Amino acid sequence: MKNVERGFGLAAEAYELKSRQDAGGTEILKGFLRMNYCVVGLQWGDEGKGKVVDILAEKSDLVVRYGGGANAGHTVIIGDQKFALHIMPSGAVRPTTGCVISNGVVLDPEILIGEIDGLAERDISMDGRLFISENAHVVLDYHKMEDQLREDALGKNKIGTTIRGIGPCYADKIGRSFAVRMADFRDIDALAERLRKIVDYKNKVFGALYNADPIDVDALIEKCKVYRDRLVGFVCNTTRLLFEAMDNDKNILFEGAQGALLDLDHGTFPFVTSSNCSALGMGPGCGIPNQKVDSFIGLVKAYATRVGSGPFPSEQDNEIGDVIREKGHEYGTTTGRPRRCGWFDAVAAKYTARVGGINEIAMMHLDTLAGMKELKICKAYKLNGKETDFFPSDADELAGVECVYEAMPGWDEDLSEVTSYDDLPENTRNYIARIEEIVKVPISIVGVGPKRSQAIFRNV
Ligand code: IMP
């Protein structure tokens with residue numbers, strides 16, 4: 001591992017040095033520039049990973065999406081163009097960056113093809129720089145159908161999924177017999193034969209349980225032929241590709257999806273997604289061990305949001321939540337659903353930072369809080385009358401906690417033009433410092449607006 005003895009703020013330091021190098025400066029420490037980062041959300045997703053990944057991708061040779069699927073929605077704003085990507089790594093918008101979709105992803109071919117075409121319309125080609133794992137599992141129509149049928153059947157107890165077929169596809173992966181992987185598109189006749197058996201089974205089950213209309217297997221096979229034509233050229237052994245990239249000292253950026261509170265094992269089960277979307281999922285999701293990452297960067301918003309069902313202790317289902325939602329444009333990138341909004345939950349962030357071995361934090365959307373007289377930070381929970389600073393991930397237990405808040409004075413200043421940490425208002429810096437103190441991880445990147453340029457890197 002490189003330079004880790006220098007402690008935190010690696011992203012900030014490397015970014016600054018590389019920028020000086022780009023500007024023709026001479027004080028370059030070469031070793032610093034060889035960095036592998038992993039960027040993961042520490043809340044319930046939508047923390048602004050797309051933007052941070054996009055910025056760091058400038059210094060990366062490869063960006064790797066290693067988990068989740070088209071349930072994710074990563075927005076990148078460049079100039080006046082907005083890119084919303086669901087399955088493609090956010091590095092795609094940088095025309096020379098390699099993009100890897102590794103084995104841990106559940107890939108919806110229809111959505112990926114749409115994104116390849118959407119980028120091409122903006123003169124961004126993926127030819128020769130998109131690498132899809134042959135072991136990535138494939139989301140097909142019957143997965144999305146099952147997601148919808150199950151949610152409908154659960155009624156008011158539904159998980160609130162994105163209906164992108166994520167859970168059913170991962171279930172088929174674990175179950176193995178009905179799994180379809182990207183490698184299967186190489187022999188379309190063999191795949192067609194298997195699909196007939198799989199669809200026959202699914203039709204019987206969906207018909208019996210939900211009285212659902214049968215899936216037309218011939219139409220599905222025709223779709224799969226299109227997927228084969230469009231995607232097989234990108235399919236390869238991405239683990240080998242990553243080993244070779246590491247042997248050749250390439251900089252690799254691992255891009256997490258969702259947020260650690262939605263992690264299947266460590267999040268607020270059952271109101272979670274079906275993958276290990278905390279930093280712990282990186283190794284299994286791409287074949288590279290965590291020790292090869294120089295810095296795990298945890299993303300948070302300066303407040304908290306959640307979409308879908310499940311406990312959310314610091315939720316403000318009131319005027320405060322409404323103000324945050326409108327100012328922060330808190331509507332889902334994938335589903336358009338209004339996000340539930342609340343105060344920053346430092347208990348939850350401390351937990352997810354610890355679970356993921358997070359070295360430094362990027363705090364986004366700080367500009368959204370401008371104009372609020374008073375801000376609150378949830379610094380502990382009250383559970384059965386006792387105060388605790390440990391996050392109980394069990395959904396029932398979490399639903400029973402009460403937040404212990406610490407109030408802090410807000411600020412009125414518009415932050416969107418601020419470019420240096422020292423120029424942030426004193427109250428903003430105090431807010432950041434207090435969160436660092438509770439979460440026990442330094443905040444090295446601060447987001448003050450949606451654009452690439454609106455990020456402040458700080459040596460901590
Ligand atoms: P699924 O991943 O579609 O099965 O949804 C399970 C839960 O995770 C639901 O509450 C979704 O709203 C939530 N979820 C999944 N992906 C994201 C994301 O990228 N951002 C925020 N929430 C997400």
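**Ground rules.** I call a residue buried when its relative accessible area is under 20% and exposed when it is over 50%. The model is a predicted one, so I keep that in mind throughout.

Entry 1: I started with Tyr351, which is buried because its relative accessible area is 11%, below the 20% cut-off. Phe390, in contrast, has a relative accessible area of 55% and is therefore exposed. I then searched the whole structure for aromatic pairs and got seven. Tyr351 and Phe390 make one of these pairs, in an edge-to-face arrangement, with 5.8 Å from centre to centre and 85° between the planes. Where do Tyr351 and Phe390 lie? I found Tyr351 in helix α11 (residues 346-355) and Phe390 in the loop between β17 (386-388) and α12 (395-399), so the pair ties together parts that are 39 residues apart in sequence.

**Entry 2: charges over rings.** Next I looked for charged ends over rings. I noted Lys376, whose charged end sits over the ring of Tyr405 at 5.7 Å from its centre. I also noted Arg458, whose charged end sits over the ring of Tyr421 at 3.9 Å from its centre.

**Entry 3: strand β1.** How many residues of β1 are buried? I counted five of five in this strand (residues 37-41), which makes it mostly covered. I checked which way they point: Tyr37, Val39 and Gly41 go one way, Cys38 and Val40 go the other, and all are buried.

Then I looked up the partners of β1. With strand β11 (residues 295-301) it pairs in the parallel sense over five bridges, and there Tyr37 stands opposite Ser295. With strand β10 (residues 252-259) β1 also pairs in the parallel sense, over four bridges. The bridge partner of Tyr37 in β10 is Leu253.

**Entry 4: the ligand.** Which residues are closest to the ligand? I get Asp46, Asn71, Thr162, Thr273 and Arg337, out of 16 residues that surround it. I then went through some polar atoms. Asp46 has a polar side-chain atom 3.0 Å from a nitrogen atom of the ligand. Asn71 has a polar side-chain atom 2.9 Å from an oxygen atom of the ligand. From Gly160 it is a polar backbone atom, 3.4 Å from a ligand oxygen atom. On its own the ligand has 460 Å² of accessible area, and the protein covers 97% of that.

**Entry 5: helix α2.** My last stop was Val52, which I placed in helix α2 (residues 49-57). Is Val52 buried or exposed? It counts as buried, at 2% relative accessibility. I went on to the rest of the helix and found nine of the nine residues of α2 buried, so the rest of the structure largely encloses it. Finally, I checked Val52 against Met364: they are 312 residues apart in sequence, yet 9.0 Å apart in space from C-alpha to C-alpha.

Technical notes. Residues numbered from 1 in each chain as written. Predicted model: local features only at pLDDT ≥ 70, side-chain atom pairs only at ≥ 80, totals over all residues. Heavy atoms only, no water. Phe/Tyr/Trp six-rings, centres within 6.5 Å; stacked < 30°, edge-to-face > 60°. Helix = DSSP H or I, 4+ residues; strand = E, 2+ residues; numbered from the N terminus. Buried < 20%, exposed > 50% of the residue type's maximum accessible area, 1.4 Å probe, protein only. Lys NZ or Arg CZ within 6 Å of the ring centre and 35° of its normal. Pairing = 2+ DSSP bridges. Near = heavy atom within 4 Å. Polar contact = N/O pair within 3.5 Å; in protein donor to acceptor, adjacent residues only side chain to side chain. Areas by Shrake-Rupley, 256 points an atom, 1.4 Å probe, with all protein chains shown as cover.
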